[in-house]
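I am keeping short notes on what I look up in this structure. The model is shown first, and the entries follow.

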Amino acid sequence: MANTIDAALLDKAVFAEELINEAQHPLAPIALFTSRFDAVEVGSVNVKFPRVGTGGTETNPTDYIGGAATMDNVAVTVNEKSRPFEITNVELNNGIKLMELERAIFTEFVTDLTKEVTALMTEANFGTDATVDTSAFTVADLPKLAVGAKGAEKVCILEPAQYATVIPTNGDGLDPMKSAYGFSQGVHMVEAGLSADAQAFSGGKTAIAIAGGLPNKWTSFAAGEEHTIIPTILGLSILYRRWTDSNTGRHHGNFVCLFGASVADTGAGIVAIDQP
C-alpha cells in the first residue's frame, strides 16, 4: 500500500520554518532599507528616516544639547498584494508535494515584492557613477560604488552578469564581516532587469523607504479555512490562506499583504549603467 503522508500533519509542523529559512532569499537585498510595517489598509503611509546633519560626537560636553540630526518623512503608497494559486487533490493529500508548491509560490511572491523596490533604482532617482561601466564590470568597481553610497550600513545589488564577475575564489571575499569592499549588508544578485536603466545599485539604509502590513479585512475567516501569519526577514508579515470552494470543490491558496516603496534620501544611493 502506498505510504501517504497526511498534509495537515506535515506542513503545519515545518511550514513556517521552511518559509522563513529557505524561501525568503529574494528579500535579502532589500532588508536594509528604512521600513514601517503597521499599515492596515490601502493608502499612504509616512515612513520616517534620519538625515544626519553637521553635528557630531563631542568630547567632554558641557550642555549635552545641539547636533543637527533630523528625522524626515517620506510618503509611501501601499497597495494590497495577492498571489492566488490552485491546489490539486494530489498536493493536498501529500504534505511534501503541498509544501513544495507553497514554497515555490511564496518565493515568486516575495520576488515580485523585491522587484517593486529595485524598480526605483534608476539613474533619474539616484544619479550614475560615471567611473563605473557595467558592460565591463569588475571587482575593482565595488569600492567605487561603496564610496558613492551614504551611511555606515550599505548594500550592493547587481544583475547576474555583473555579479558573476565579482564572485571570489576566496569564500571570505563577499562576507560582510570580512570584505574590504565597504558593504556591511553584503553584495547581492537579483534577476536581470534591476530597473529600467541600471545594472548595479549601491545604497545606504535611508535610500529607499518600504512600508506594508496586513489588511485589516482579514480579521475573521470562513469556517474550514486554514490560515497562518508568516514573519519575514524584512519585518513584514505575510498572510497565507488555504480553503476549499464549497461550490466547486476546488482547493485554493493565497499569499497576501500590503506593500509599497518610495525613494527617500536620493543622496544615499548611486546606480551604475552600461556607459556609452
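Is Y240 buried or exposed? I looked up its relative accessibility and found 4%, so Y240 counts as buried.

Entry on confidence. I am working with a predicted model, and I checked the pLDDT before going further. The chain averages 86, and 85% of the residues score at least 70. Helix α1 (residues 7–21) has the lowest confidence, with a mean of 51, while strand β8 (residues 208–213) has the highest, at 97. I noted that the pLDDT is below 50 over residues 1–14, a stretch that has 19 contacts in the model beyond near neighbours in sequence.

Entry on ring pairs. I searched the whole structure for aromatic pairs and got seven. One of them joins F85 and Y240, which are stacked with 6.2 Å centre to centre and 0° between the planes. F85 belongs to strand β3 (residues 70–87) and Y240 to strand β10 (residues 237–244), so this pair ties together parts 155 residues apart in sequence.

Entry on F85. I found 8% relative accessibility for F85, so F85 counts as buried too. F85 also pairs with F255: the ring centres are 5.8 Å apart and the planes are at 25°, under the 30 degrees required, so I list this pair as stacked. F255 lies in strand β11 (residues 251–263), 170 residues away from F85 in strand β3. F255 is buried, as is F85.

Last entry. I looked at W243 and found R241 over the face of its ring, 4.3 Å from the ring centre.

Note on methods: Residues are numbered from 1 along each chain as its sequence is written. This is a predicted model: local features need pLDDT of at least 70, side-chain atom pairs count only at pLDDT 80 or more; totals for chains, interfaces and linings use all residues. Side-chain values use heavy atoms; hydrogens and water are left out. pLDDT is the predictor's confidence in each residue, from 0 to 100. Helices (H or I, at least four residues) and strands (E, at least two) are DSSP runs, numbered from the N terminus. Contact means heavy atoms within 4.5 Å. Rings of Phe, Tyr and Trp (its six-membered ring) pair if their centres lie within 6.5 Å; planes under 30 degrees apart count as stacked, over 60 as edge-to-face and the rest as tilted. Buried means under 20% relative accessible area, exposed over 50%, partly exposed in between (1.4 Å probe, protein chains only). A charge sits over a ring if NZ of Lys or CZ of Arg is within 6 Å of the ring centre and within 35 degrees of the ring normal.
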